[in-house]
Amino acid sequence: MATAASAAMPPPSSVGIFPLSQVHRGLQGTAWTVFQGTVPEPMDVEILGVLHGARGPHRDLILARLHGAKPEYTGVVAGMSGSPVYIDGKLAGALSYRIGQFSKEPIAGITPIEQMLEVRDLPVRTLTNEAPLQIADHGNQPQTSGIDSGGLTFSAMETPLLMSGFQPEAIRVWKDQVAGTGLDMISAGGGMVGGGTSDDGVGGDFGPIVPGSAVSLQLVRGDLEIAATCTVTYVDPKQLLACGHPVLQAGPVSLPMTSTEVVATLASPLNAFKIVNTGKVIGAFTEDRDAAIGGVMGATARMIPVSISVGNGKDALERKIEVLDLPALTAQAVLVSVYQILLESNESSAETSYHVTGDITVHGMSPVPVNAWGTPGESMASQLAAAFGVADSFNRLYANATRQQPMEGVRLHIEVIPRDLRTELESVRLVSSSIVHAGDTVEVEATLRPWEQPARNVRIPITLPARLEPGNIRLMVGSSSALDRTLDAARPAGKTGGEAAVSARLRSQHAADQLYVSLLLPESQASMDGSTLDSLPLSMANTLESQRSGVEVGLHGESIVVAATAPAGGVLSGQQLLTLRVEAGGGLN
């Protein structure tokens, strides 16, 4: 067998290609990867054969056994994928697949270099604004690559994921959100030296990028970092190829590409992986394909800036990050980043509530306000509730199928309130008679129950419209969520509306710390472009009737009109209905 240690550095990518057609059992080769530091080290490779069509029709896999003290000790390591394999001094492919979970031998699959070069030769494309996946919609997310053959399972080598600055609670949320992807969830490692939220040269300089070097793609960067690491297979002055398999199977991407230092390689029969520090940005990954991920040297990735402040005054916590612009993961990255920053606050406790305000900016649109609350509850912590509220507002804009302009940024301010703000609507009654006339003023009394505090009564006067006809009308008394759900029910079922409609809907959301008294009137109401038109004349209602099949138009036989509001003193939940009997006389009569 050839002695790999005889070579000091891996050959360059320009040495030529060893054709797949000439690969057969018994050939000897050398693979290169970084076990520690930044310099690739050699491993002897024994070719066992070619598995034809193992990765799909006409997508073959070369089967090989690794030899040498380090690979025989560590086994096949997460982060090793992409390690170049040379036969007779020519590039044959990249280590990319492993067998099973507890294999006693370091046997790996090699993606042929000819198929990887197809990714290099793809035309450079711009990432479109296609609709991203919904949060935690695991059934629609990209799945880990795997090959099952007679009980013998080949899986793409996991991509170790650095989550720098994240606490275990946030890492668990991230795992839940990205379950089913090819990212191996670990938190060991360090972020970019010096931080940084742009391609400004910040970060460690780990030397030249050569075949066998570790390289990372950043999903989040700045005061927090999420980055996935694999190994470079091919590099030329303009671009490189790495991994030998997809990371997210996302196709065109735009992700910062950084040099990487391997601090240590952890040996484990269950989950061996590389522990890394990311270095300075060297370009951008633009392709995430079946045979490889591809990057362009010196290119700038498109990221979405997010600035977050927590608290007020000199003790305010200020954080700046950038998140990837990629349909499958952007909302999840916003969610876990906001959650982590809330976990950092020293003011946090089990009884703490949070109020998040700010705005989301889409190019060419006025900033869309964010108004979310997080209170303690049985289902989730208040920090996570607040983070989900922000992610929901963001995703409703980001995921909209009609959005054609890029997201320009998110600005958030989080107020920390040192008490449980949950407030329940306990009961509602009419102070005056339930028999009324058009134009009368009636008074409603609501009993509110703050969490673990005495109940208090709130009286709200409302004036009935003078146009009311005799008959029954209803009063809806309750929270903003109940009111918004009722208004949403009047919109076309199963249609979210266009970008303008979603923006208008977010702008018109009602405040969670208010008590609302609304009239449910027997008059037509329409929803157009996210706005509500109530008490429509019959002629206008008839005109809109013909457009009800449109995405932006909804028609409802009952108008929901907010008649009065009052401070709830907390985040209100609950809803109750009262009935009034309108008799002739009064008003216009």
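Analyst: The residue to begin with is Thr286, which lies in strand β16, residues 273–288; strands (E, at least two residues) and helices (H or I, at least four) are DSSP runs, numbered from the N terminus. This is a predicted model, in which local features need pLDDT of at least 70 and side-chain atom pairs count only at pLDDT 80 or more, while totals for chains, interfaces and linings use all residues. Residues are numbered from 1 along each chain as its sequence is written, and side-chain values use heavy atoms, with hydrogens and water left out.

Thr286 has a relative accessible area of 13% and is therefore buried. Here, buried means under 20% relative accessible area, exposed means over 50%, and partly exposed lies in between (1.4 Å probe, protein chains only). Leaving aside residues up to four places away in sequence, Thr286 touches Gly251, Pro252, Val253, Gly294, Gly295 and Val296; a contact means heavy atoms within 4.5 Å.

The loop between β16 and β17 (293–297) holds Asp290. Asp290 forms a salt bridge with Arg55, their closest N and O atoms being 2.9 Å apart. A salt bridge is a side-chain nitrogen of Lys or Arg within 4 Å of a carboxyl oxygen of Asp or Glu. Arg55 lies in the loop between β2 (41–51) and β3 (61–67), so the pair links distant parts of the chain, 235 residues apart. Arg55 counts as buried because its relative accessibility is 11%, whereas Asp290, at 25%, counts as partly exposed.

A further salt bridge joins Glu118 and Arg59, with 3.2 Å between the closest N and O atoms. Glu118 belongs to helix α2 (residues 113–120) and Arg59 to the loop between β2 and β3; these distant parts of the chain are 59 residues apart. Glu118 is partly exposed at 43% relative accessibility, while Arg59 is buried at 19%. Through salt bridges that share partners, Arg55, Arg59, Glu118 and Asp290 form one network.

The wider setting can now be described. By the salt-bridge rule, the count comes to 16. The secondary structure of the protein comprises eight helices and 34 strands, and buried residues make up 55% of its 589 residues. Of the contacts with a separation of 6 or more, 72% are between residues 24 or more positions apart.
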